[in-house]
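Subject: Structure handover

Hello,

Here is the structure for your files. My notes follow below it.

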Amino acid sequence: MDPRQTPAPAVTRGELEQLGRLVGEVRPAYLDDLATLVNIDCGSYTKAGLDRVGRWTRQFLERLGASVEVHPHATLGDTVVGTFDGAAGGPRVMLVGHMDTVFDEGTAAARPFRIKAGRAYGPGVTDMKSGLLSGLYGLLVLRGMHEGSAMSNGAAPLPFERLTFIANPDEEIGSPASTAIISDVARTVDACFVLECARANGDIVSSRKGILDARVTIHGRAAHAGVEPEKGRSAILAAAHLVPALHALTGRWPGVTCNVGVIAGGTRPNVVPEEARLEVDLRAMTREHLEAAEAEVRALIAEPALPDVTIEMEPMARWWPMEKLERSGRLVDLAVGLAGRLGFELHDATTGGASDANTTAGMGVPSLDGLGPIGGMDHSPDEYLELDSIVPRTTLLAALLLAVARDPVVAGWRHSSSSEASSSEASSRT
């Protein structure tokens with residue numbers, strides 16, 4: 001069956017109205033919880049705060065009826081995985097949201113949660129405490145649909161064979177501890193929804209650039225800069241030749257960017273520097289172009305501009321691109337159709353930043369991202385959340401889950417051959 005076949009309306013007008021009403025009922029509780037989470041310092045390396053958020057998330061999932069497993073980590077936060085089992089034969093889906101922020105300990109006390117002129121502010125308010133909560137509250141209202149109240153403690157079953165909710169503690173540093181957990185679940189599901197915030201203009205995200213973060217170390221030879229400089233080999237000078245060559249990779253392939261974001265080296269002004277270090281950010285829209293650009297980086301470092309200098313590259317983190325898979329297009333169509341029925345226009349977009357959707361889409365799993373509320377100025381002191389977007393966006397997420405659960409095309413993906421999924425899964429293991 002054609003994965004882009006126009007989806008039939010699987011959610012009735014009455015159900016959309018009921019979902020909207022139920023989300024409206026829980027909006028005050030959502031805001032209380034948002035304040036609680038934003039006021040916890042939970043930068044990627046603040047384990048104590050991350051585990052507080054993790055315990056809170058675990059308790060919420062258990063109240064919804066999930067079986068919860070916590071994957072401990074010695075230095076990073078623990079990963080929380082909640083699983084809901086339903087009727088056999090339905091789709092299997094996963095939701096992924098991260099608990100960490102980019103902010104240092106003490107930030108929450110310095111600028112705690114506040115509301116002003118229709119916006120909420122505070123560290124991680126949109127990236128991504130609000131998305132995490134929209135996922136949890138979306139499940140809450142789906143559980144409560146048949147009870148008539150969103151605060152029914154989730155007695156009604158979810159319409160999936162299995163739904164897995166992953167709250168990971170380390171997305172902002174590349175998900176080093178949680179990627180294996182996310183990947184294991186992704187291999188068993190039909191679709192993945194990542195709860196990052198919507199773009200500032202309201203767009204959801206169907207594709208993201210892949211990223212290679214690498215450390216490039218240049219090894220030269222130290223010497224006295226005044227007495228016998230000819231005996232030295234300046235690592236800084238070699239780095240100075242390499243930087244413009246790396247930046248020249250930007251635009252060589254469509255969508256490719258290369259940026260040297262950190263440069264360091266040397267010890268004293270009267271010493272020819274023996275070592276220099278570059279930190280490089282390489283991005284591309286497709287795996288093919290990312291691999292080609294990386295090969296060119298390696299070719300550049302293999303031929304230093306100065307003699308007797310050696311250069312080595314150490315990949316620090318890698319995300320393959322979140323390419324817009326054909327089956328992901330069906331998820332986009334479902335979301336766009338539901339948004340129109342809810343009264344607002346919705347578009348899917350491409351963005352340069354990576355998320356856990358890069359992992360799932362790179363494995364061939366149909367994936368959508370940007371399904372949280374609308375916000376902007378992420379990673380800055382001015383980060384904000386549009387309060388008016390909480391109800392419509394959480395309603396959209398809940399309705400989308402319901403539509404996917406009832407979509408026979410999605411339910412059939414697991415049992416149909418797919419060169420798209422199999423080729424992506426094979427390439428993800430290379």
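Start with Val102, which counts as partly exposed because its relative accessibility is 35%. On that scale buried means under 20% relative accessible area, exposed means over 50%, and partly exposed is in between, with a 1.4 Å probe and protein chains only.

Before the rest, the ground rules. This is a predicted model, where local features need pLDDT of at least 70, side-chain atom pairs count only at pLDDT 80 or more, and totals for chains, interfaces and linings use all residues. Residues are numbered from 1 along each chain as its sequence is written, and side-chain values use heavy atoms, with hydrogens and water left out.

Val102 sits in the loop between β3 (92–98) and α3 (107–110). Helices (H or I, at least four residues) and strands (E, at least two) are DSSP runs, numbered from the N terminus. Leaving aside residues up to four places away in sequence, Val102 touches Glu172 and His379. Contact here means heavy atoms within 4.5 Å. Val102 and Asp382 are 280 residues apart in sequence, yet their C-alpha atoms are 13 Å apart in space.

His379 belongs to the loop between β17 and β18. Its relative accessibility is 43%, so His379 counts as partly exposed. His379 is not a glycine, but its phi is positive, about 70 degrees. Met377 is in the loop between β17 (375–376) and β18 (384–386). Met377 also has a positive phi, about 60 degrees, although it is not a glycine. At 46% relative accessibility, Met377 counts as partly exposed.

**A cis peptide**

Asp127 and Met128 are joined by a cis peptide bond, with omega about -5 degrees. Met128 lies in helix α4 (residues 125–144). For context, most residues other than glycine have a negative phi, and most peptide bonds are trans.

**Helix packing**

Two packed helices are described by the angle between their axes and the distance between the axes. Axes are lines fitted to C-alpha atoms, for helices over the stretch in contact, and angles run from 0 to 180 degrees between N-to-C directions.

Helix α1 (residues 13–38) packs with helix α10 (residues 390–406) at about 130 degrees, with the axes 9 Å apart. That makes α1 oblique to α10. Angles under 35 degrees count as roughly parallel, over 145 as roughly antiparallel, 65 to 115 as roughly perpendicular and the rest as oblique. The crossing of α1 past α10 is right-handed. A crossing is right-handed if the near helix is turned clockwise from the far one by less than a right angle, and left-handed if anticlockwise. The residues of this contact of α1 with α10 divide into ten nonpolar, four polar and three charged. Ala, Val, Leu, Ile, Met, Phe, Trp, Tyr, Cys and Pro count as nonpolar, Asp, Glu, Lys and Arg as charged, and the others, Gly among them, as polar.

Helices α6 (residues 235–247) and α7 (residues 287–302) cross at roughly 160 degrees, and their axes come within 11 Å. α6 and α7 are therefore roughly antiparallel. Leu242, Ala245 and Leu246 of α6 meet Val297, Leu300 and Ile301 of α7. That contact has six nonpolar residues, no polar and no charged.

**Cysteines**

How many disulfides are there? The count is zero, with a disulfide taken as a pair of cysteine sulfur atoms within 2.5 Å. For Cys197, the closest cysteine sulfur is in Cys42, 15 Å away, too far for a bond. Cys197 is buried, with a relative accessible area of 2%. Cys258 counts as buried too, at 3% relative accessibility.

Best wishes
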